[in-house]
Amino acid sequence: MHHTTTGEKILRGVLITLALVFFLFPIFWILLMSFQTNAQILRIPPSLFFEPTLINYTSLITGELQTAAGSLKLEFMHNLWNSVILSTGSVLISLLLGVPAAYAFARYKFRFSEDIAFTLLSFKFAPPLLVLLPLTLYFQAIGLANTYIGLIWVYQLITLPLILWIVRGYFEDISPDIEHAYRIAGHSWAKTFMKISIPLARPGIAAAGLLSFIFAWNNFVFALVLASADKQPVTVGALAFVTASGIQYGQIAAAVVISITPTLALALFAQRYLVEGLSLGAVKG
Amino acid sequence: MFDKEKDLIDALARRQIGRREFMRRAGQLGIGAAALSGLMGQAMNRALAQNGDYDWKQHQGTTLKLLLNKHPYADAMIANLDSFKELTGMDVTYDVFPEDVYFDKVTAALSSGSSEYDALMTGAYMTWTYGPAGWIEDLNSYINDPSKTAASWDWEDFLPGLRASTAWDGMPGSELGSGDAKQWCLPWGFEQNNISYNRPMFEKAGVEAPADMPALMAACEKLKGANGDVYPIGVRGSRSWATIHPGFLSGYANFGEKDLINDGGMLKAAMNTDGSKAFHRDWVKMIQEFGPKNWSTYTWYQVGTDLGAGASAMIYDADILGYFMNGGDNAEAGNIAYAAIAPNPEASAPTPNVWIWSLAMSSFSNNKDAAWTFMQWASSKEHALFGARTMDFVNPVRASVWKDQQFLDRIDAKYPGYIEQFETSAPGAKIYFTPQPLFFDVTTAWAAMLQRMVANEIGVDEGLDQLAESINDQLSQAGLQ
């Protein structure tokens with residue numbers, strides 16, 4: 001058994017601290033900026049000491065932004081709500097469709113199975129703008145333009161392939177023996193899938209769900225092209241702080257802090273499942 | 001509305017009383033700022049209706065949808081939109097997108113033939129793509145039709161350089177505003193490129209606003225180090241068309257230099273003439289010695305922010321950028337002054353290249369006549385006055401607004417030298433680019449070469465020869481040569 005020496009412990013501590021500073025400093029700096037006014041942020045030279053203000057958060061929440069050119073209306077909270085609807089909706093639908101499909105691709109060999117799986121993956125290869133212009137025409141023709149349903153449908157291009165391929169890998173790694181044992185005990189296929197397969201693949205489903213949620217949350221171009229201003233997510237809405245009369249750095253920082261909160265909360269929540277799933281294990285080899 | 005308030009607003013509209021007197025009396029009557037804006041809109045309606053030369057109600061019940069850029073011009077229009085609805089009985093909805101993504105949205109909407117938007121904001125350069133592609137309407141058929149356009153709308157009141165700059169016959173290299181040019185859009189608000197400077201910093205360094213390029217370089221020399229770490233001059237430097245069109249092209253044109261020349265219908269790059277090389281040498285030296293450290297990343301925002309925050313002593317960029325930096329929560333608000341510049345010591349006047357925010361009509365609109373009614377209203381004298389007097393709807397595109405005493409008094413009081421710089425340079429203000437479909441390719445290549453020159457990766461003479469050769473290749477491949 002290997003024992004770590006004090007030197008190794010110190011070195012490890014230093015390296016972890018450096019890594020943490022490297023990754024977390026920008027977020028820490030943004031957090032500080034979110035409590036400063038534009039004038040404080042832009043002062044020369046910059047300073048770590050300032051009188052904190054909540055004005056950035058209040059203007060985001062109340063929807064009023066004071067700029068050099070006067071008062072501007074902000075739709076940030078509405079944009080945030082749009083992001084929640086679009087990302088949650090698309091991940092839920094992808095899970096509903098993708099998990100059974102992933103199971104089928106993992107467990108059954110049927111005609112064209114690989115081709116179909118690859119075709120679904122290939123949706124991720126297409127440059128979005130190439131798909132979007134024809135889609136705009138179709139969406140207008142069938143009345144889906146500028147609707148949440150239409151956007152969630154298009155978001156499947158992002159979320160469905162991701163969920164399908166990650167979860168498929170998890171199902172393939174789980175031995176079918178447990179499922180067989182459960183089936184022999186007289187349970188139906190559907191019950192086996194729900195009671196055995198899904199719980200075993202839960203870490204994979206959680207990871208895939210989380211990852212696709214992040215991808216959907218960060219998407220920019222789909223809603224920009226296919227929807228009006230009232231359906232825009234936070235990624236497009238945040239650009240409203242870049243105005244002709246100046247950049248509102250304080251509000252941008254506050255917007256970043258608010259907009260990473262749901263993803264962060266979800267990641268912390270899903271982490272439990274990830275750890276739980278990995279530590280419990282399934283079948284001993 | 002009560003008679004007293006109505007009389008007061010009408011008196012202001014008829015210019016019987018001044019702005020200060022108006023504000024005093026409005027205060028006495030207990031009228032707040034928001035109510036004031038609404039009342040002024042109503043006064044504007046009465047003025048338009050009284051003209052009696054246009055049936056504003058003819059499209060009553062129609063709903064229009066606009067595509068707008070997040071800009072003070074759009075804000076001024078939205079603030080006054082209720083008065084349009086009241087005047088016409090029409091409904092108007094709109095989508096506002098930030099500038100960073102605005103033109104992507106416009107291109108996507110127009111290229112897909114979407115009928116969603118009836119009218120939109122655009123820049124004049126963009127119409128060189130949108131117009132020939134058939135995405136936007138030639139407005140001449142509306143402007144010249146007395147049954148569709150009110151006589152009092154007065155097209156001749158728009159500044160002539162702007163009318164010409166927004167009209168093109170679609171032939172690469174032909175003169176903007178030539179005889180058979182199509183009017184692709186209506187000028188709405190515009191920017192001239194001149195000097196905006198920090199007055200206290202100039203006073204501390206003991207320099208005056210520079211009137212030409214040698215004076216500019218001499219001023220920069222004195223400003224360097226005179227105010228701590230403040231650098232003397234901010235100009236744009238990102239790898240984009242936006243680096244070429246403000247101060248750079250304004251100065252370049254002042255020496256009589258051109259981007260392209262039209263040689264019997266064939267376009268040819270003209271950046272490698274002796275005159276152009278001399279100007280480029282000065283410009284590159286100016287950035288290297290007196291510009292910002294990260295110049296190659298500088299866009300509108302960084303140039304403006306540095307002036308407003310007191311990191312730079314002056315900018316050679318849009319006058320309205322300097323205007324915005326003189327207000328709000330900018331550290332240097334109140335310290336900015338303005339001056340026209342004719343970089344060529346032998347030039348008789350400045351030649352600012354202009355950016356014109358304009359209104360265009362989508363060819364795919366199902367409500368074109370109604371859209372034209374809106375465009376007339378939004379570009380009317382009355383709305384221009386409303387925006388110029390009460391909002392940041394500057395620079396106005398109408399000559400009559402530049403004669404409005406209330407507007408002039410307001411600007412003169414808060415923005416020293418602004419009116420003078422405008423009046424000095426307005427006669428020479430127009431688009432100095434050659435209109436052609438490869439506009440964005442040519443200007444991006446130009447900015448990229450400028451970056452290499454500033455980084456000392458290539459000499460100015462050699463760089464411009466290479467640039468001209470590569471642009472000639474592109475023009476040839478596109479069949480323009």
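Where does H7(A) bend, and which proline follows within four residues? Keep that in mind as you open the structure, which is a predicted model.

**Stop 1: a bent helix in chain A**

Select residues 148-173 of chain A. This is H7(A), a helix of 26 residues. From its first C-alpha to its last it reaches 36 Å, close to the 38 Å expected at 1.5 Å a residue. Now centre on Leu157(A): here the helix bends by about 45°. The proline to colour next is Pro161(A), which follows within four residues.

**Stop 2: the two domains of chain A**

Colour 6-71 as domain 1 and 76-280 as domain 2 of chain A. Their centres, taken over C-alpha atoms, are separated by 30 Å. Where they meet, 18 residues of domain 1 of chain A are in contact with 15 residues of domain 2 of chain A. On the domain 1 side, look at helix H1 (6-33), H2, helix H3 (55-62) and strand S1 (64-67) of chain A, each of which supplies at least two residues. H3(A) gives the most, with 5 residues. Colour that side by class and you get 10 nonpolar, 8 polar and no charged residues.

**Stop 3: where chain A meets chain B**

Show both chains. The contact takes 29 residues from chain A and 33 residues from chain B. Stay on the chain A side and pick out the elements that give two or more residues, among them helix H2 (38-41), strand S2 (70-73) and helix H11 (221-226) of chain A. The largest share of this side, 5 residues, comes from H6(A), so select 128-142 for that one. By class, the chain A side has 18 nonpolar, 10 polar and 1 charged residues.

**Stop 4: into the cores**

Next, select Leu226(A), Ala119(B) and Phe374(B). They have the most contacts inside the largest nonpolar core, which has 184 residues. Helix H21 (residues 439-454) of chain B gives the most to this core, with 8 residues. Zoom in on Leu226(A) and show what it touches beyond four places in sequence: the partners include Leu132(A), Leu135(A), Phe139(A), Leu151(A) and Val154(A). Then jump to a second, separate core of 17 residues, where Phe105(A), Leu200(A), Ala207(A) and Ala208(A) are included.

**Stop 5: the two domains of chain B**

In chain B, colour 3-188 + 357-420 as domain 1 and 192-353 + 430-477 as domain 2. The C-alpha centres of these chain B domains lie 30 Å apart. Their contact takes 19 residues from domain 1 of chain B and 18 residues from domain 2 of chain B. Helix H7 (127-130) and helix H9 (160-165) of chain B are the elements giving two or more residues on the domain 1 side, and H9(B) gives the most, with 3 residues. That side has 12 nonpolar, 6 polar and 1 charged residues.

**Stop 6**

Most residues other than glycine have a negative phi, and most peptide bonds are trans.

- Val394(B) and Asn395(B) are joined by a cis peptide bond, with omega about 0°. Asn395(B) lies in the loop between helix H18 (381-390) and helix H19 (405-414) of chain B.
- Asp154(B), not a glycine, has a positive phi of about 60°. Find it in the loop between helix H8 (140-143) and H9 of chain B. Asp154(B) counts as partly exposed because it has 14 C-beta neighbours inside 10 Å.
- Asn456(B) also has a positive phi of about 60° without being a glycine. It sits in the loop between H21 and helix H22 (460-477) of chain B. With 9 other C-beta atoms within 10 Å, Asn456(B) is exposed.

How values were computed:
Residues numbered from 1 in each chain as written. Chains lettered and ligands numbered in written order. Predicted model: local features only at pLDDT ≥ 70, side-chain atom pairs only at ≥ 80, totals over all residues. Contact = placed C-beta atoms within 7 Å. Nonpolar A, V, L, I, M, F, W, Y, C, P; charged D, E, K, R; others polar. Domains from an automatic or database assignment. Core = buried A, V, L, I, M, F, W, Y, C linked by C-beta atoms within 7 Å. Buried ≥ 20, exposed ≤ 12 C-beta atoms within 10 Å, placed from the backbone. Expected span 1.5 Å × (residues − 1). Bend = angle between axes of the 7 residues up to and from the residue.
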